[in-house]
Amino acid sequence: MVRLKNAFMKCYLALILLFLYAPIFVLVVLSFNDSRSRVTWGGFTLRWYGELFSNRQILEALRTTLLLGLGSAAAATVIGTLGAVGIQAMRRRGYQIVMSLTNIPILNADIVTGIALMLWFVRLMPLGFGSVLAAHITFNIPYVILSVMPKLKSLNLSIYEAARDLGAGSVYAFFHIVLPQIGSGILAGFFMALTMSMDDFVITYFTKGAGVNTLSTMIYGEIRKGIKPEMYALSTLLFAVIFVILLVFNALSGRGKNTDDVIERSR
Amino acid sequence: METNEKDILELRNITKSFDGKKVLDDLSLSIGRNEFITLLGPSGCGKSTTLRIIGGFVRPDAGSVFFEGKDITNLASEKRNVNTVFQKYSLFPHMNVEENIAFGLKLKKKSKAYIQDKIKYALKLVNLEGYEKRNTTALSGGQQQRIAIARAIVNEPEILLLDEPLGALDLKLRHDMQQELIRIKKEVGITFIYVTHDQEEALTMSDKIVVMNKGIIQQMGTSKSIYDEPQNAFVADFIGESNIIGGIMLQDRVVEILGVKIPCVDEGFAEREAVDVVIRPEDLEIKPEGEGFFTGQVTSVLFKGAYYEIKVYAEGYEWVSQSVSAPEVGARVGLYVAPDNIQIMHKPKSEDAEMIKE
Amino acid sequence: MKRKYLATPYIIWVIGFTLLPLITIGVSAFTGDDGAFTWDGVLAIAEPINRQALLFSLAIAFGCTMICILLAYPAALFLKSFRFKRKGFTIFLLVLPMWMNFILRILAWQMILSKNGILNFILGRFGAAPLAVSNTWISLMIGMVYDFLPYMILPIFNAISDIDEDLIEAARDLGAGSGAVFCKVIFPLSVPGMLSGIVMVFVPAMTSFVIADILGGGKLQLIGNIIEQEFMKSMNWHLGAGLSISLMILVLIGLAFTMRGDMEERGTALW
């Protein structure tokens, strides 16, 4: 009975995972397909991986995407972390107002955020890399704040005060005492921002103007003409890199934690 | 082993390991009806695991649990006529006080009127009348604990299990709650099995104390017998502060400590047997220099409210004494102990001896 | 220096890039090409073609949210009950697919579901009749459920994982069997997670246009598609802004109903 139930649960989860990973499997297979058509299998090839590196357009879009992702994530992390520390020190009223504003880009539909930014940017500057970067920073900051805030809340303020009491200046105390404690939240915020930025299509689409292309907008533009197989190769490569990074990160961060739970419960 | 008519619960040869680490080792224990029994020991001694086995949350690797003579080792916890008050209260956060208390009764499909009566009675019992509609998360720790007790009691269990229920409360509240628990126990008249690492709490409340260490019962008995006649150094050290010194039993009623022959009342030890000698601080009397068995120098005097705690360095050992009058630090004094205040124990066989070396 | 002034750069940013753009889109929505005040933009939502798209979007978003709940709840429950050594691994499995470009993933579904696609190929092998789901609302729905399912599983999984094991023991101690434990403890305590899942699925589903573009074959018009076309094809910005504002207000009303708690858990729900 219990085994039957277990088998059922495993089957169900396997189906859900199959559903989530099926398209990825298709795309990976396509990246090795020796045919420009996406419906026929023309044999195994590594050709697209080779040609990828001579495709100026794709490489340019990749450069833009990475630049945008890293740049906006870094800027958002700095502004957002300082923001979170500052917001937390605010009085109830101010805190609530600022946090509501913070939630707007997350709750609002991407299309509305994108259009609002576009209408605003056309009054300020020509649409281009700068406007997309500003847009990405805008929607990334809330993710950083929301990652850092819980860490700040659980941070024991008395250790900051203890550091000050022992003669540390506020800057020293921040970098040596507070920062290490909220570091994991900041890191999570940075990666979240990076993910969001690299995955974004809608807001980029509305704010980019002509001439700038990220991988997403480039793919969108090619839907009707057909996607270049090099793009499948690039996506597979990116996916593989992230897969390895996350796997290593996971393995490192969780070492030695497995048994704590059991021991805790047995007492 | 025969099941005693009077006993409500019996654990027989219980063994349990977690991750290859033995937590309970062949533990057997009988618990009488309407007893207030306390499992006492340091953290990791297996007392909570014992309680969880009785509650049905943990299955023993070997051994059996008998409830009124019936084997309930494999009975699911929801089917046992036993309820638990958890250390962290574990009130359901999505329910108010009333819904929390009614939880078990609703599952038993009791009538509305019956449930209402029971809630009223239980809240009165724990001195929280009128709290029916309160949100549990808004209550103080002490109030939450009272609700947790009420929630368990309304189900009319034969045994109430209490897993360090006062551990999270501050000292004053703790003392109040100890008295409350004793009163509640008297009113409902059921068996209480209480787990704590606080020896004072155990001594105050229990009819019977089971001192545990490393998964083994060290001693079982009334508060008085455990305090006055600890059977080994672990128990002596765990129950209250003591002077515990190695000695040699020269003959019946004479023990040699640090080279001094001292009369005592213990008999039946082997000749020249190495023993542990326990002298409670309140039994160690400070005398003028030259009187008593040892002479030494006062190293510290601390005022403790009702008495002074005096440390005296004599014969290479720092003695602790409690007295209502205080000598001066640095003064030379004599130390005396009456024969019937000396407790002689066999050396413990296990590695428990390690524990008393600090 | 006072600690709260550290937030100054952020406050400036919020005003400059969140508040002012919203005011801009608001102004644009209530003005015409001549710059005069008009209700035309926001009222355009009532025109038959827009209204139809709006209702269709609502229906699709509602259906998508329901299906996501039905699929995600058991998944979250089962994931919890297997007690993988670490929570991180489960989340890792669910987040990983997001690292493949989402438009490509939706295109892959187009290939799977199309008439000569992979699904029909497999069905053919088993001798089953081919399915004609391509370019219908069914394929649109599959794509949407696919894209948003992780956003439903994660918060529910987090909510269930956060339930203190002691509470479950307490319920069993008070006589609750597995069924009662689920109905009276686990489910009620997982509702907040479900609500944040609903928000994370419903809003994007309601306003997306890319998935309909690819899987609807250009025939299915969601309100997002209409707005996109007003901006990028018809260059009718005031109308587009008006529709956006109407949509935003609708979504906000919906949100106010679904959630009254704070949103701070949402940010961490993904990690």
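These legends describe close-up views of a predicted model.

**View 1. Chain C is built from helices.** Chain C holds 13 helices and 0 strands. Read along its sequence, the pattern is α-α-α-α-α-α-α-α-α-α-α-α-α. Taken along the principal axes, the C-alpha atoms of chain C fill a box of roughly 70 × 70 × 35 Å.

**View 2. Chain C meets chain A.** Here 84 residues of chain C are in contact with 97 residues of chain A. Together the two chains bury about 8400 Å². Carbon and sulfur atoms account for 77% of that buried area. Which helix of chain C gives the largest share of the side that touches chain A? That share comes from helix α1 (residues 8-29) of chain C, with 15 residues. On this side of chain C, 59 residues are nonpolar, 13 are polar and 12 are charged.

**View 3. Polar links between chain C and chain A.** How many salt bridges join chain C and chain A? The count is 0. Polar contacts are found, however: 9 residue pairs, with both residues at pLDDT 80 or more.

**View 4. An open sheet of 5 strands in chain B.** The strand order is β13-β12-β11-β14-β20, and the pairing is antiparallel. β13 (260-263) and β20 (343-346) of chain B stand at the edges. Each has a single partner strand, so one side of each is left without a neighbour in the sheet. From one strand to the next, the twist averages 45°. At one end of the order, strand β14 (residues 273-279) of chain B pairs with β20(B) over 4 bridges, in the antiparallel sense. Strands of a sheet pair through backbone hydrogen bonds, either parallel or antiparallel.

**View 5. The hairpin of β9 and β10 in chain B.** Strand β9 (residues 208-213) and strand β10 (residues 216-221) of chain B pair in the antiparallel sense over 5 bridges. B:N213 stands opposite B:I216 of β10(B). The hairpin has 2 residues between the strands. In this hairpin, B:K214 takes a positive phi near 50°.

**View 6. Strand β19 of chain B with β15 and β16.** Strand β19 (residues 332-336) of chain B pairs with strand β15 (residues 285-288) of chain B over 4 bridges, in the antiparallel sense. B:I286 stands opposite B:L335 in β19(B). Strand β16 (residues 294-303) of chain B also pairs with β19(B) in the antiparallel sense, over 4 bridges. For this pairing, look at B:T295, which stands opposite B:G334 in β19(B).

**View 7. A salt bridge between B:E35 and B:K208.** In this pair, the closest N and O atoms are 3.9 Å apart. Where do the two residues lie? B:E35 is in the loop between β2 and β3 (36-40) of chain B, while B:K208 is in strand β9 of chain B. The pair therefore ties together parts that are 173 residues apart in sequence. Over all chains, a search of the whole structure finds 28 salt bridges. Side chains of opposite charge can pair when their charged atoms come close.

Key. Residues numbered from 1 in each chain as written. Chains lettered and ligands numbered in written order. Heavy atoms only, no water. Contact = heavy atoms within 4.5 Å. Buried area = accessible area lost by both parts, 1.4 Å probe. Salt bridge = Lys/Arg side-chain N within 4 Å of Asp/Glu carboxyl O. Polar contact = N/O pair within 3.5 Å; in protein donor to acceptor, adjacent residues only side chain to side chain. Nonpolar A, V, L, I, M, F, W, Y, C, P; charged D, E, K, R; others polar. Pairing = 2+ DSSP bridges. Axes fitted to C-alpha atoms, helices over the stretch in contact; angles between N-to-C directions.
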